[in-house]
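Me: I'd like to go through this model with you. Can we start with the helices and then move on to side-chain pairs?

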Amino acid sequence: MDWVLNLRDVGLKDIPRVGGKNASLGEMIRALGGAGVRVPPGFATTADAYGAFLDHNQLRSPLTSLLKEYAAGQRSLAMTGRALRQTMLKGDLPSEGAEAVCLAYQQLSREAGQRNVDVAVRSSATAEDLPEASFAGQHESYLHVRGEAAVLEAVRRCYASLFTDRAIRYREEKKFDHSHVALSVGIQRMVRSDRAGAGVMFSLHTDTGFPRVVVINAVWGLGENIVQGRVTPDEHIVFKPLLDTPDVCPILSSRRGDKNIKMVYARGGTTKNVRTTETEQRRFVLSDTEILSLAQWAVSIEKHYGKPMDMEWAKDGPRGDLFLVQARPETFQSRKSSGVLRTYHLEGGGKALVEGLAVGDAVAVARAQILKRPEDIARFKAGNILVTSNTDPDWAPVMKKAVGIVTDHGGRTSHAAIVSREMGIPALVGTGRATIAIKDGQEITLSCAEGERGRVYPGAKKFLVTDTSLENLPLPKTRLLLNIASPAAAFQWWRLPVQGIGLARLEFLINDVIRVHPMALVHPERLDLKTRRKIKRLTKGYKRPTDYFVDQLASGIAQIAASQYPHPVIVRLSDFKTNEYAHLLGGKPFEPKEENPMLGWRGASRYYHPNYREGFALECQALKKAREVMGLTNVVIMVPFCRTVEEADKVLAEMATHGLKRGEAGLEVYVMCEIPSNVILAEDFADRFDGFSIGSNDLTQLTLGVDRDSGTLASLFSERNPAVTRLIEDVIRRAHAKGRQVGICGQAPSDHPDFAEFLVKAGIDSISLNPDSVVGVIKRLTDFEGKNKQEIPHESV
């Protein structure tokens, strides 16, 4: 019998012998070492060794008896688990098995050039880490173990951990026969992440299932704090398709976590949490080079296994090397049906009690129940929303009764986030103050349907649930694009059968993500002390306040562009009205008061104006970074509300001074067709731009002379008015004659099926739709195209 096996000698075929965790580690060492994936060396005790331990100590009969008493209701779970563990700990390893472990440990020490090398001792059950079960945290691990005696004791305690309360409960729920589950123990050279950092990563987007990114979380010290949700980690999103592209850095997003504590080693092989320094809190744990290396590993591991993966990594402080310490199949998004999209829409809103990272995209309305400790779970009432500091596997029973979860701490890969995804309930993690701001017993609405930031509102809000089937959808000949406001929405709707994004508004990113007027970052000296302090808090961690604007805007643009890469993603330059700009933090000193902002200082007229030119420079820097540094060259820039051809020349010249020259590096620049002058002078605008995008709201308003926001005149406002439709037909014809494409990004095609049909008949090149209307428009257009083949123009451009 093999008592131990070197990890170099095992692979996935050996799951029955060494469990899923150890088999996966061996598989990576054997198959992926050549791809640069580093796994700490080590060895594993076998399932046969576990069986020999039971037989040597005659433990099978007493274990079976205790489990039968539990099944018959004669013992509680806590009493049963305690008795089972005590029974296991009375046993000793057979001498032959103990000798095999010691010899393997000595060899590992020699290879490390040490007398007694520090090792991590981890449990690996034979039913663990299979695709149909997420078994993380059910059994014990022991870190910083040194010396033969300590290793043997850790192996014995791992055996006993097969009967933790949570492990027993889990096997009962999954209907695993307790007697058919064995335990292997992995002993690996210790990675000193206590002196550096550690974390987890997924080879897809954990909340939406978007498969083309790697999501990496990182904390200082040992990685247990991430899973336990005790800290909010750094989060990085990396775009897989561009990882091998030279001279680009496809890190789409880097969000700094608070990381206010870190787990380090204490005496006696235990661990403890200590406060991090202010410098550590301000810094990212990983460099860009390390982030890209981990992402490359994730791609290699996913490719080898042929499925999305959930991985753990650690960085060795003394050596500075990165290591993969675990890899298992991702168990939620990869099993989710791609044939149906379920979406939630919250009606109303108001002031939120707290906000944090949204997990899932659902809404829950119920009473809040605040629990401080796992010992209080017996009093939790099913159907409530659980509010607590953080969760770990001991909270599993109460989490199954909750309709939603809210925590003070944690990130997207915390225990609360992982379990809530598996159970299909919304969660809000990393709120910082939920247990203080929410009252016990208060009726609340937990909304994760508003993007990546979720919110808790007081009272019961109404919401709508919509199921959209994507199966067997025919595709129309007319290209369909999306109107998208945020990165979260772009990732949410990636499954829709469209060919790009026809309108991505910078206003959303500036208003909801950045929240500061760009000129306030350029000229903070014009602001009052209170506003300067708010901006300082918001831009914490950046050398210059303007770097915050450029970084955040570039990240948002890149994520939206990545969702449809390599299809074109048309990003419209900012088009706030002066009253909207003034409401941004620090905005009032830089904005005039206008009687009619709709027709005032907006769109193209701002970009070359002395009072905003420096702010526009930041927009250009962000676009240049997204395209040239991150590699999202599918970004097309669109100029809004361009009144004259002279203004067009000024804007294009201003862009060129910031490195955005039309035609260079494949850059295309479009213009919004939303003013009658854009149609009347279509040929002149076509000489300056690569395409047109019709903004039907403003075009209708300015053609009919109707304020689109006027309730009194609402009956007169119609994009289907002959005056408007003739202008649309005219610009399509004249633009095509100049070899320019024409699309439409207004609301009308989403709202009016007959208007979409009119556009197809007029020869429109593309129609950009709101995501929730795509499926309905597809069905109507394919039917219309089939019935009117003779009347629809062929490919126009």
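Reply: Start with helix α1 (residues 15-32): it has 18 residues, yet its end C-alpha atoms are only 18 Å apart, short of the 26 Å that a straight helix would reach at 1.5 Å a residue. The expected span is 1.5 Å times one less than the number of residues. Helices (H or I, at least four residues) and strands (E, at least two) are DSSP runs, numbered from the N terminus.

Me: Where is the kink in α1 centred?

Reply: On Lys21, with a kink of about 85°. The bend at a residue is the angle between axes fitted to the seven residues ending there and the seven starting there.

Me: Which residues of α1 are buried?

Reply: Val18, Gly19, Gly20, Lys21, Asn22, Ala23, Ser24, Leu25, Gly26, Glu27, Met28 and Leu32. Buried means under 20% relative accessible area, exposed over 50%, and partly exposed in between (1.4 Å probe, protein chains only).

Me: What covers them?

Reply: The cover includes strands β1 (4-6), β2 (42-45), β3 (119-125), β5 (183-189) and β13 (322-329), along with α10 (288-305).

Me: Before going on, what is the average pLDDT?

Reply: The protein averages 92, and 97% of the residues score at least 70; pLDDT is the predictor's confidence in each residue, from 0 to 100. This is a predicted model, in which local features need pLDDT of at least 70 and side-chain atom pairs count only at pLDDT 80 or more, while totals for chains, interfaces and linings use all residues. Residues are numbered from 1 along each chain as its sequence is written, and side-chain values use heavy atoms, with hydrogens and water left out.

Me: Where does pLDDT stay under 50?

Reply: Over residues 129-134. The model has 19 contacts there beyond four places in sequence, a contact being heavy atoms within 4.5 Å.

Me: Switching to charges. How many salt bridges are there?

Reply: The search of the whole structure finds 48. The rule is a side-chain nitrogen of Lys or Arg within 4 Å of a carboxyl oxygen of Asp or Glu.

Me: What about Asp207 and Arg412?

Reply: Their side chains meet in a salt bridge, 2.7 Å from N to O. Asp207 lies in the loop between β6 (197-202) and β7 (213-220), and Arg412 in the loop between β18 (404-407) and α12 (415-423), so the pair ties together parts that are 205 residues apart in sequence. Asp207 is buried at 11% relative accessible area, and Arg412 is buried at 4%.

Me: Which residues are in the network with them?

Reply: Glu235, Arg255, Arg421 and Glu452 are linked with Asp207 and Arg412 in a network of salt bridges.

Me: And Glu280 with Lys262, how far apart are the closest N and O atoms?

Reply: 3.0 Å, in a salt bridge. Glu280 is in helix α9 (residues 278-282) and Lys262 in strand β10 (residues 261-265), so parts 18 residues apart in sequence are tied together by the pair. Glu280 is buried at 15%, as is Lys262 at 17%.

Me: Arg60 and Asp55, buried or partly exposed?

Reply: Arg60 is partly exposed at 40%, and Asp55 is partly exposed at 47%. Their side chains form a salt bridge of 2.6 Å, N to O.

Me: Last topic: how many disulfides?

Reply: The count comes to 0, taking a disulfide as a pair of cysteine sulfur atoms within 2.5 Å.
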